[in-house]
Amino acid sequence: MATDLQNAVTRDDIDGSGLKIGIVQSRFNQEIGNALLKACVSHLQHAKVEEKDISVMTVPGALETPLMLHEMALTGAFDGLIALGCIIRGETYHFEIVANESARCISNIQIETGIPIANAILTTENEQQAIDRMTIKGSEAAQVVLEMVFALKQLGKY
């Protein structure tokens, strides 16, 4: 049984038909965020998640993302959620605070609500690293949320 479940949740051909996916995109470093969003939505649609079943909300920055994710999770309207954004290291400690707190809160929301959240808030040393990662991480976030929703379905969650 464990082998069957493992094989079922790691495949890349999961049918997302009928799934409701919420996306929260930070507007800070918006060009990176837009590229993340485009790749994410493209992957979801390739997996047969319909455009009408994808809801996108924007927030000012990464620290505001968890609140919106939390409120979206509490609606019960979504099978999975995705966090998109980009935090680029600056010259102060602020980078660590934003990166650590947003990630911690996102993890806590998943545990509290039982709604899977793919965290694709990039944390990079510079803009070029973000550019190099934005397309693949957007697509990976979509895949992660699909796999987690499917895994929870296998466990009888949905």
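The questions below concern a predicted model.

Colleague: How are helices α3 and α4 oriented to each other, roughly parallel or roughly antiparallel?

Modeller: The axes of α3 (residues 65-75) and α4 (residues 94-113) come within 9 Å and cross at roughly 10°. Angles under 35 degrees count as roughly parallel. The two helices, α3 and α4, are therefore roughly parallel.

Colleague: In the salt bridge between D53 and K52, is D53 buried or exposed?

Modeller: The closest N and O atoms of D53 and K52 are 3.3 Å apart. K52 is exposed, with a relative accessible area of 63%. Buried means under 20%. At a relative accessible area of 6%, D53 is therefore buried.

Colleague: How many residues apart in sequence are the parts that E125 and R89 tie together?

Modeller: E125 and R89 form a salt bridge, with their closest N and O atoms 2.9 Å apart. E125 lies in the loop between β4 and α5, and R89 in the loop between β3 and α4, so the pair ties together parts separated in sequence by 36 residues.

Colleague: Where does K48, with its positive phi of about 75°, lie?

Modeller: K48 is not a glycine, yet its phi is positive. Its place is the loop between α2 and β2.

Notes: Residues numbered from 1 in each chain as written. Predicted model: local features only at pLDDT ≥ 70, side-chain atom pairs only at ≥ 80, totals over all residues. Heavy atoms only, no water. Helix = DSSP H or I, 4+ residues; strand = E, 2+ residues; numbered from the N terminus. Axes fitted to C-alpha atoms, helices over the stretch in contact; angles between N-to-C directions. Parallel < 35°, antiparallel > 145°, perpendicular 65-115°, else oblique. Salt bridge = Lys/Arg side-chain N within 4 Å of Asp/Glu carboxyl O. Buried < 20%, exposed > 50% of the residue type's maximum accessible area, 1.4 Å probe, protein only.
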